[in-house]
Amino acid sequence: MSAQTVDLPAVPATWKQRHLLDLESLSAEEIKLILDVAERFRPVAVGARHKLSLLSGTTVANLFFENSTRTRTSFSLAARRLGADTIDFSPSGSSLSKGETFIDTAKNIEAMGVDVVIVRHRTPGTPHLLSENIGCVVINAGDGPHEHPTQALLDMLTIRQQRGTIEGLTVALVGDIAHSRTARSNIWGLKKLGAHVILCGPSTLVSRQWEDEGVEVSYSLDEVLPRCDVVNLLRIQFERQLMRPFPSVREYATLYAMNRQRLERARDDILIMAPGPINRGVEITPDVADGPHSVILEQVSNGVAVRMAVLWLLAGQTSS
Amino acid sequence: MTSRLLIRGGRVIDPSQKIDRVTNLLIEDGRIAALDADPEVDARVIDATGKIVSPGLIDMHVHLREPGREEDETIATGTAAAVAGGFTSVACIPNTEPPIDTQASVEFIQHQAARADQANVFVTACVSKNREGKELAEIGQLVEAGAVAFTDDGSPIYNPELMRRAFEYCSMFDVPVLNHAEVLELTTGGVMHEGRVSMILGLPGMPSEAEDVMVSRDLRLAEATGGRLHVMHISTAGAVEQVRRAKARGVRVTTEICPHHFTLTDDSLRRFDSNFKMSPPLRAQSDVEACIEGLRDGTIDVICTDHAPHAREKKMQELDRAPFGIVGLETALGLVITHLIRPGILDWPTALAKMTIHPARILGIDKGTLNVGADADVTVIDPDVRWTVDPAKFRSKSSNTPFAGWELTGRADTVIVRGEVKFVAQ
């Protein structure tokens, strides 16, 4: 590996964020800055032979209280490509099973000289509580059904690359809105960047109250599909549902799965996205997931770039 | 030798006798001896100039945690917190470990309360044996031991047949049934009120309907049996409206509210702080407004605290793991004065009635009055003192309050229990 440099944009003095906890509280300018920086990192993100030294001497801890393969790997790669050291913490081998509170655990990790904590947890607000209790930079990698800011950022980066802009586009988020952190982060991010957002899914998983937040709510995918520039298919989070909110997976797929037949109703240039992991055959059929409209793998590549941008913006400037 | 205490020059407000005038109150040998007493009488004098002299406040909904959860609170620390908050009497809720469902356990509480020698403690006992919601506890025996009301609080009385029987059986002894109204299937996994804020935060919700549906059932059963229902910690617009209508048609129902349900909304959960997690949860602004209207028009009879201490290590957890409940004894009076009386929502006599004679009548206890001959339980209130809520100064063993740092006006100045001064503000 060879160290190389990247032509990074000047960070405006208005960037004051210390943590990345949610997109609800970020401004459009701050979101655009992250996307612009991510764009510059993209060649390094996808080229495995490159490594930067922007975060050398910085230690990044993955504190994942909930399972994850994609997000954790993506954050680790992002940190390493910036030259940071990374450590992984998984609760199974930890003292959490011995009754230690998550704040104690985080404080112990902080005491070992960690600079950045990337936290995933099943409970909304846990990253916010950590940010108040430890001195490290805290990045939310998904807090229950609340937010998953880097996922929405990589979704938006992907849309912007494909369409040049987000403003004025119609983006449908389809499926289990109630339990989806990806949905919440996308709602705030897309709205701030000027997109029209449609939430679509069964009435038991899509609250009409979202209309008060300035988004459209629909229970019919077939009705909204012809108007969409982008459809983002969210995974049904069976593990978070206490009582299954629809009669059967078969019925769900009939109404909401993106298949070739349904795709014919859509515009020729529609983008099909999914945050993964996907239940093939439930939210999306394999032919569509692997078809020409799908940008699912671009999303994954962009994930590393977005996370590099977030790490650099939050930790790169203080450590350098 | 006779011991005399003269509370001189205060504004004496006793809603039980519709008294509200500046005068002198004389206490002799632990009892109220005279109103409008001679100011020069030979007695120890407490100068109450500029202060309110009220019958000792009563909190009819307090979790003292002993026996079984002494790490959260004990009868000694809980009653010390009570007097510091201006309460001379508390009714303790029987969801201890073991629960209070036998004569022996009632007597244990009474014994510990006597030993602590702070506030008076009245015992509410379980409706069902072992608080299991299956069969009636020995209610007659418990009444004989001194239990003043019956509740399975901590849990709702769930089985409607048990509720019906409890109403019928408690009627024989003229004691009320206190129910925590919650349809559990509607709140499973819930952390906060279900509404706009829970939707945005992705936190599992507890809809208002969970309270409304259970209150509806309880009112119908109380009406059918002639039993006495007391709806605990009311929090929804729907429940307030149902109680209002039921009272109008003669159902024997009373209800209570906690200060957090008229001062805070679900928006507070945006801080993800478990000190804002309680059951029933903090509701929407429209519910708060309906509750305030219920306080104003008399639908809501009582202000209580649902004082629910939890040790710090239990509350310092993720929101879904942290237990429900907050402490309230040492903040309630200040919140009532600051947020109900000073803004003109309630006048002093109306507010004090909800903390004195109303709970006394519901529980059938000989308290909450300054009648000559009554136990000399008196709370002298400084209505103007400004103070900041500092949990580090609580006498309660626990500090799980959502009001830390709040600026309040008014608090207990001197608290007298059966003629003895138990608390003087520093």
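## Chain B as a whole

Of the 426 residues in chain B, 58% are buried. The model described here is a predicted one, and in it chain B contains 13 helices and 18 strands. Of the contacts in chain B with a separation of 6 or more, 75% involve residues 24 or more positions apart.

## The two domains of chain B

According to the domain assignment, chain B is divided into domain 1, made of the segments 4–52, 375–384 and 406–424, and domain 2, which covers 55–363. The centres of domain 1 of chain B and domain 2 of chain B, taken over C-alpha atoms, are separated by 28 Å. Where these two domains touch, 20 residues come from domain 1 of chain B and 24 residues from domain 2 of chain B.

On the side of domain 1 of chain B that touches domain 2 of chain B, the elements giving two or more residues are strand 1 (4–14), strand 16 (378–388), strand 17 (407–417) and strand 18 (420–424) of chain B. Strand 17 of chain B gives the most to this side, with seven residues. By class, the residues on this side of domain 1 of chain B are eleven nonpolar, four polar and five charged.

Helix 1 (75–84) of chain B is mostly covered, since nine of its ten residues are buried. These buried residues are Ile75(B), Thr77(B), Gly78(B), Thr79(B), Ala80(B), Ala81(B), Ala82(B), Val83(B) and Ala84(B). The elements that cover them include strand 6 (57–62), strand 7, helix 2 (103–116), strand 8 (120–125), strand 17 and strand 18 of chain B. Strand 17 and strand 18 of chain B are also among the elements on the side of domain 1 of chain B that touches domain 2 of chain B.

Gly85(B) sits in the loop that lies between helix 1 and strand 7 (87–92) of chain B. Gly85(B) counts as buried because it has 29 C-beta neighbours inside 10 Å, where 20 or more are needed. When residues up to four places away in sequence are left out, Gly85(B) touches Leu329(B), Glu330(B), Ala332(B), Leu333(B) and Ala412(B). A separation of 17 Å is found between the C-alpha atoms of Gly85(B) and Trp348(B), two residues that stand 263 residues apart along the chain. Just after helix 1 of chain B, Gly86(B) takes a positive phi of about 100 degrees.

## Chain A as a whole

The secondary structure of chain A consists of eleven helices and eleven strands. With a radius of gyration of 19 Å, close to the 20 Å that the globule rule gives for 320 residues, chain A is therefore as compact as a globular protein of that length. The C-alpha trace of chain A spans about 55 × 45 × 35 Å along its principal axes, and 48% of the 320 residues in chain A are buried. Among the contacts in chain A between residues at least 6 apart in sequence, those that join residues at least 24 apart make up 76%.

In chain A the domain assignment gives domain 1 as 2–147 together with 300–319, and domain 2 as 149–299. The C-alpha centres of domain 1 of chain A and domain 2 of chain A are 25 Å apart, and the contact joins 26 residues of domain 1 of chain A to 24 residues of domain 2 of chain A. Helix 1, strand 6 (137–143) and helix 11 (296–319) of chain A each supply at least two residues of the side of domain 1 that touches domain 2. Helix 11 of chain A gives the most to that side, with eight residues, and the residues of this side of domain 1 of chain A divide into 13 nonpolar, seven polar and six charged.

Helix 1 of chain A, residues 28–46, has 19 residues and reaches 26 Å from its first C-alpha to its last, close to the 27 Å expected at 1.5 Å a residue. A kink of about 45 degrees lies in this helix at Arg40(A), shortly before the proline Pro43(A). The buried residues of helix 1 of chain A include Ile31(A), Leu33(A), Ile34(A), Phe41(A) and Arg42(A).

## Where the chains meet

The contact between the chains takes 13 residues from chain B and 19 residues from chain A. The side of chain B that touches chain A has six nonpolar, four polar and three charged residues.

Key. Residues are numbered from 1 along each chain as its sequence is written. Chains are lettered from A and ligands numbered from 1 in the order in which they are written. This is a predicted model: local features need pLDDT of at least 70, side-chain atom pairs count only at pLDDT 80 or more; totals for chains, interfaces and linings use all residues. Domain bounds come from an automatic or database domain assignment. Two residues are in contact if their C-beta atoms, placed from the backbone, lie within 7 Å. Helices (H or I, at least four residues) and strands (E, at least two) are DSSP runs, numbered from the N terminus. Ala, Val, Leu, Ile, Met, Phe, Trp, Tyr, Cys and Pro count as nonpolar, Asp, Glu, Lys and Arg as charged, and the others, Gly among them, as polar. The expected span of a helix is 1.5 Å times one less than its number of residues. The bend at a residue is the angle between axes fitted to the seven residues ending there and the seven starting there. A residue is buried if 20 or more other C-beta atoms lie within 10 Å of its own, exposed if 12 or fewer, and partly exposed in between; C-beta atoms are placed from the backbone. The radius of gyration is taken over C-alpha atoms; the globule rule is 2.2 Å times the number of residues to the power 0.38.
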